[in-house]
Amino acid sequence: MADAPRVGVLAYQGDVREHLAALEAVGAVPVEVRTLAELEAVEGLVVPGGESTVIGKLAARYGLLEPLRQRAAAGLPVFGTCAGMIFLAREVEGPPQDLLGVLDVRVRRNAFGRQVASFEAEMDVKGVDGGPVAGAFIRAPWVADAALMMQLGADGVFVGSGIFKSGDPARRARAIVEATTFFRDPEIVAKVSRGLGEPMVGIAAVPEGERLADRGW
């Protein structure tokens with residue numbers, strides 16, 4: 001298709017092949033991007049799921065971090081999947097890593113546990129015929145900014161019981177209240193977001209054989 005957009009996939013690591021196939025399926029011209037010349041030739045960019053620290057290290061090693069930031073700042077549409085979202089974020093909870101810093105969110109890596117706890121299982125999906133569907137369940141990241149949720153139009157922020165497993169639950173609760181109340185004031189949000197301690201230092205396990213559904217979840 002002559003007028004199809006050329007959309008790149010940052011091809012250092014991760015689900016590159018799958019994203020290229022998805023772009024082609026919707027009519028785009030998929031392009032693997034590893035160099036500055038390849039980046040300059042695309043009209044949009046996807047950062048795939050994978051390992052965000054590896055993607056960042058390789059982008060830095062091959063001199064693409066700053067050009068990526070500049071293209072994004074100039075209006076290049078950029079989409080991040082899972083690890084891609086982490087790579088795009090301004091801040092990550094955890095060890096320092098190379099980030100683009102073009103997505104104004106704070107992200108928690110492996111928010112649902114370590115990757116060694118990921119698993120595959122067959123499951124029945126309502127509305128999908130043909131028997132069990134093979135599913136892969138990974139430990140995905142989540143966006144940790146309460147203020148951002150308000151800026152995006154949420155009426156409120158639900159805080160789960162996991163807050164009581166954090167290093168300082170009372171301080172974290174006050175910070176969430178202030179961040180959601182004064183979400184339009186970046187100085188207050190920045191102030192209350194500092195020095196909160198460990199986000200979660202432990203978590204209670206569900207007893208073997210007990211289903212969450214039986215507990216009303």
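Colleague: How many nonpolar, polar and charged residues does the lining of the second largest pocket have?

Modeller: This is a predicted model, in which local features need pLDDT of at least 70 and side-chain atom pairs count only at pLDDT 80 or more, while totals for chains, interfaces and linings use all residues. Residues are numbered from 1 along each chain as its sequence is written, and side-chain values use heavy atoms, with hydrogens and water left out. Ala, Val, Leu, Ile, Met, Phe, Trp, Tyr, Cys and Pro count as nonpolar, Asp, Glu, Lys and Arg as charged, and the others, Gly among them, as polar. By these classes, the lining of the second largest pocket comprises six nonpolar, seven polar and four charged residues.

Colleague: What volume does the second largest pocket have?

Modeller: A pocket is an open set of points on a 1 Å grid over the protein atoms alone where a 1.4 Å probe fits, with protein on both sides within 12 Å along at least five of seven lines; its lining residues have an atom within 4 Å of a point. Here 17 residues form the lining, and Gly 50, Cys 82, Ala 83, Gln 115 and Ile 138 lie nearest the centre. With grid points joined across faces, edges and corners, and volume taken as the space filled by probe spheres set on the points, the second largest pocket comes to about 210 Å³.

Colleague: How many helices and strands make up the secondary structure?

Modeller: Both are DSSP runs numbered from the N terminus, helices being H or I with at least four residues and strands being E with at least two. On that basis, the secondary structure consists of eight helices and nine strands.

Colleague: Why do the buried residues of helix 1 line one face of the helix?

Modeller: A residue is buried under 20% relative accessible area and exposed over 50%, with partly exposed in between (1.4 Å probe, protein chains only). In helix 1 (residues 16–25), Val 16, His 19, Leu 20 and Leu 23 are buried. They line one face because, seen down the axis, these buried residues fall within an arc, taken over the directions from the helix axis to the C-beta atoms, of 100°.

Colleague: Which exposed residues does the face of helix 1 turned away from its buried side carry?

Modeller: The buried side packs, by contacts (heavy atoms within 4.5 Å), against strand 1 (6–10), strand 2 (29–33) and strand 3 (44–47). Arg 17 belongs to helix 1 and counts as exposed because its relative accessibility is 67%. The face turned away carries Arg 17 and Ala 25.

Colleague: With which side chain does the side chain of His 19 make a polar contact?

Modeller: His 19 lies in helix 1 and is buried, at 17% relative accessibility. Leaving aside residues up to four places away in sequence, His 19 touches Val 9, Val 46, Pro 48, Gly 49 and Thr 81. A polar contact is a pair of N or O atoms within 3.5 Å; within protein, one must be able to donate a hydrogen and the other to accept it, and residues adjacent in sequence count only if both atoms are side-chain atoms. At 3.2 Å, the partner of the His 19 side chain is that of Thr 81.

Colleague: Which exposed residues lie on the face of helix 3 turned away from its buried side?

Modeller: The buried residues of helix 3 (residues 52–61) are Ser 52, Ile 55, Gly 56 and Ala 59. They fall within an arc of 95° seen down the axis, so they line one face. Their cover includes strand 1, strand 3, helix 4 (65–73) and helix 5 (83–88). The face turned away carries Lys 57 and Arg 61.

Colleague: Is Arg 106 buried or exposed?

Modeller: Arg 106 lies in strand 6 (residues 103–108), and its side chain makes a polar contact of 3.0 Å with the side chain of Glu 93. Beyond four places in sequence, the residues it touches include Arg 90, Trp 142, Asp 145 and Ser 193. Since its relative accessibility is 12%, Arg 106 counts as buried.
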